[in-house]
Amino acid sequence: MTKALSILRGRFGRVALLDMDTSLVDHAHPHFHLIFKASGPDQNFVVEGESVPLRNDMLVAVNSWQQHAYVHRGSEERTLFLALYIEPGWLAQADRAFAGCAASGFFQQAGIPITNEIERLRTDLVQRMADPFDAHDDLPEEILKLCLSVSHGFSAWRERGASAVNNNGTRDYRVSRALRHMHDHASEAVDLDDVARAAGLSRPHFNHLFRHCTGVSPRLYANALRVESAVSRLRLQRDEIGDISEDLGFSAQGNFTRFFQQHTGTSPNQYRRVMADLG
């Protein structure tokens with residue numbers, strides 16, 4: 001089973017150090033996603049149907065709401081991942097040049113070569129996250145340096161600029177209505193037939209229009225909101241795992257655990273044990 005060694009959460013989003021030996025299903029995030037190999041054998045991600053290598057000299061960059069999956073290569077040796085889930089608004093606030101970092105195509109290619117500077121920043125961040133005695137107080141600054149180094153060198157920030165529209169920016173008003181409904185009910189079970197009715201659309205028309213406007217299916221989007229709701233609830237130690245599972249509409253806690261593992265690689269209990277807030 002995949003082991004979460006360290007998960008840090010803050011205004012930047014979250015950063016995870018994961019000892020991976022399990023695959024991840026097709027999924028998406030509201031964040032943009034940078035994935036580095038820290039040690040172990042090379043692996044591959046699948047980004048919008050294209051296989052992208054993850055190696056010492058190559059990172060994987062996934063745009064906000066871009067569909068991707070991980071298919072683990074069977075091996076006795078595990079792969080250590082450094083995975084950054086970055087809030088676009090945080091990066092845009094840090095540097096207005098990246099106001100368009102939530103846009104589709106911000107990273108125009110998923111495979112990005114690792115420069116000497118990126119390698120140095122990656123190594124430092126992995127070492128500090130793996131150190132149980134590190135206070136981590138200044139890690140948001142180190143995370144920012146790594147994001148800026150990748151984004152300055154390999155994103156389409158000049159083309160996107162401050163006027164860039166994100167994946168969900170060009171919307172049919174009915175899809176906007178559906179998105180509001182889904183976000184309003186993100187912490188509970190979402191019936192997509194109800195969402196389609198709230199949008200005033202038949203289910204087939206809703207599915208087609210939603211994917212056209214957002215780039216992902218309604219189910220993928222709803223699952224992403226479910227994962228984010230679960231992560232937020234797991235911060236609260238008073239919330240029992242069973243209660244979170246029930247509130248999110250799972251018929252059994254085991255189903256919730258399996259769903260969470262398929263999307264994050266680790267169990268809710270382990271995720272909670274290693275997660276730390278950085279303010």
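Predicted model: local features only at pLDDT ≥ 70, side-chain atom pairs only at ≥ 80, totals over all residues.
Residues are numbered from 1 along each chain as its sequence is written. Local features require pLDDT of at least 70 and side-chain atom pairs pLDDT 80 or more, totals for chains, interfaces and linings use all residues, and side-chain values rest on heavy atoms, without hydrogens or water.

Strands (E, at least two residues) and helices (H or I, at least four) are DSSP runs numbered from the N terminus. Strand E2, residues 13–20, has 8 of its 8 residues buried, that is, under 20% relative accessible area with a 1.4 Å probe and protein chains only. Strands pair where DSSP finds at least two bridges between them. E2 runs antiparallel to E1 (residues 3–10), with 7 bridges, and a hairpin of 2 residues connects E1 to E2. Within this pairing, Ser 6 has Leu 17 of E2 as its bridge partner. E2 is also joined by 8 bridges to the antiparallel strand E9 (residues 79–86), where Tyr 85 is the bridge partner of Arg 14.

Residues of the largest pocket lining include Arg 9, Arg 14, His 31, Glu 87 and Arg 233. A pocket is an open set of points on a 1 Å grid over the protein atoms alone, where a 1.4 Å probe fits, with protein on both sides within 12 Å along at least five of seven lines; lining residues have an atom within 4 Å of a point. Helix H8 contributes the most to this lining, with 5 residues. Because domain 1 (3–159) and domain 2 (173–265) both give residues to the lining, the largest pocket lies between them; these bounds come from an automatic or database domain assignment.

An unreviewed UniProt entry lists "domain: HTH araC/xylS-type" at residues 176–274, in the numbering used here, and such annotations may be inferred rather than shown by experiment. Over residues 176–274, the chain is 73% helix and 0% strand.

Notes
Buried < 20%, exposed > 50% of the residue type's maximum accessible area, 1.4 Å probe, protein only.
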